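The sequence and structure are shown first, and the description follows.

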Amino acid sequence: MNLGSLRQEVLDHGFDPTQYGTRIDQFINDAQNLIARRVDYFIDEATAYTQTVPGANTYPWPANFARMRSLDDTDRRIELQYVSVRDIDRSGLSNGAPNFYALTGQNIELYPTPDAVYNLQMRYWMMPSVLALDADVPVMPVDWHHLLWVYAVWLCYEGDDDAQMGQYWQQRFNTELSQFSADVKFPDSDGPNQASSMWDSDKSLNPRGGSWSLYGQGW
């Protein structure tokens with residue numbers, strides 16, 4: 001389906017094109033962005049490269065960033081380990097080759113703070129392009145284009161103050177979004193494969209790298 005047919009599908013549910021015409025386009029694009037942020041799938045992958053600056057540990061995301069897949073040091077041929085900002089905050093100040101990263105605000109925070117120039121490669125999922133022309137087609141799998149108009153129908157009913165129908169279409173969207181995620185989710189788990197334990201509240205990161213160990217143990 002293209003933007004024109006997606007909009008028409010929403011209008012066919014009885015909404016006034018004068019009142020909702022341009023708003024429907026916005027709702028459809030909002031749905032596309034929401035799905036891109038919630039589901040990792042085979043489309044819209046991208047790669048970006050950056051060089052670290054000695055003494056700087058924070059670097060901005062690419063402008064079209066949606067979700068992280070991996071962050072690699074191409075010189076050392078290793079993948080940096082994803083951790084939480086709290087893990088970095090609880091760790092002592094350290095300079096060296098970065099082995100960990102966290103996502104904070106609109107930035108990537110490295111740990112340890114780079115002490116030299118390191119070449120990093122980021123693999124990530126992009127935000128989709130805005131659907132602006134009637135002929136524009138969403139990049140998500142064709143079988144699931146209907147999710148976009150279902151979302152728009154939900155918001156149009158809310159705009160009409162029809163709470164009952166709004167709740168029905170909200171539930172339908174959430175249910176089908178879960179089905180979409182299960183159907184097309186990227187099969188590789190690129191994120192952390194072990195969550196922090198509730199007993200690890202005082203743990204800090206080993207600047208030399210590694211996997212979820214207390215600093216000074218297991219190395």
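## Contact between α1 and α2

In the contact of these two helices, Leu-3, Leu-6, Arg-7, Val-10 and Leu-11 of α1 meet Pro-17, Gly-21, Ile-24, Asp-25 and Ile-28 of α2; contact means heavy atoms within 4.5 Å. By class, the residues of this contact comprise 7 nonpolar, 1 polar and 2 charged. Ala, Val, Leu, Ile, Met, Phe, Trp, Tyr, Cys and Pro count as nonpolar, Asp, Glu, Lys and Arg as charged, and the others, Gly among them, as polar.

The axes of α1 (residues 3-11) and α2 (residues 17-38) come within 10 Å and cross at roughly 130 degrees. Axes are lines fitted to C-alpha atoms, for helices over the stretch in contact, with angles running from 0 to 180 degrees between N-to-C directions. Helices (H or I, at least four residues) and strands (E, at least two) are DSSP runs, numbered from the N terminus. α1 and α2 are therefore oblique to each other; angles under 35 degrees count as roughly parallel, over 145 as roughly antiparallel, 65 to 115 as roughly perpendicular and the rest as oblique. The crossing of α1 and α2 is right-handed, a term used if the near helix is turned clockwise from the far one by less than a right angle, whereas anticlockwise is left-handed.

## Basis and confidence of the model

The model is predicted: local features need pLDDT of at least 70, side-chain atom pairs count only at pLDDT 80 or more, and totals for chains, interfaces and linings use all residues. Residues are numbered from 1 along each chain as its sequence is written, and side-chain values use heavy atoms, with hydrogens and water left out.

The protein chain has an average pLDDT of 86, and 84% of the residues score at least 70; pLDDT is the predictor's confidence in each residue, from 0 to 100. Residues 189-194 have a pLDDT below 50, and this stretch has 6 contacts in the model beyond near neighbours in sequence. Over residues 211-219 pLDDT also stays under 50, and the model has 22 contacts for them beyond four places in sequence. Where pLDDT is low, the predicted coordinates should not be read in detail.

## Packing of α4

Helix α4 (residues 146-159) approaches α1 with axes that come within 9 Å and cross at roughly 40 degrees. α1 and α4 are therefore oblique to each other, and their crossing is right-handed. Leu-6, Glu-9 and Val-10 of α1 make this contact with Leu-148, Trp-149, Ala-152, Val-153 and Cys-156 of α4. The class count for the contact of α1 with α4 is 7 nonpolar, no polar and 1 charged.

α4 also packs with α2, at an angle of about 125 degrees and with the axes 8 Å apart. This pair is therefore oblique, and the crossing of α2 and α4 is right-handed. On the α2 side the contact residues include Tyr-20, Ile-24, Phe-27 and Ile-28, and on the α4 side they include Leu-147, Leu-148, Tyr-151 and Ala-152. The contact of α2 with α4 holds 13 nonpolar, 2 polar and 1 charged residues.

## The antiparallel sheet

Four strands form an open sheet in the order β1-β10-β3-β4, with antiparallel pairing; two strands pair if DSSP finds at least two bridges between them. The edge strands β1 and β4 each pair on one side only. β1 (residues 45-51) and β10 (residues 119-126) are joined by 7 bridges, with Gln-51 partnered by Asn-119.

Strand β3 (residues 65-73) likewise runs antiparallel to β10, over 7 bridges. In this pairing, Met-68 has Tyr-124 as its bridge partner, and Leu-71 stands opposite Met-122. Helix α2 lies across β3 and β10, running at about 30 degrees to β3.

β7 (residues 100-104) and β8 (residues 107-111) are antiparallel over 5 bridges, and Phe-100 has Tyr-111 in β8 as its bridge partner.

The peptide bond from Tyr-111 to Pro-112 is cis, with omega near -10 degrees. Pro-112 lies in the loop between β8 and β9 (113-114). Arg-77 is placed in the loop between β3 and β4 (78-79), and its phi is near 55 degrees, a positive value in a residue other than glycine.
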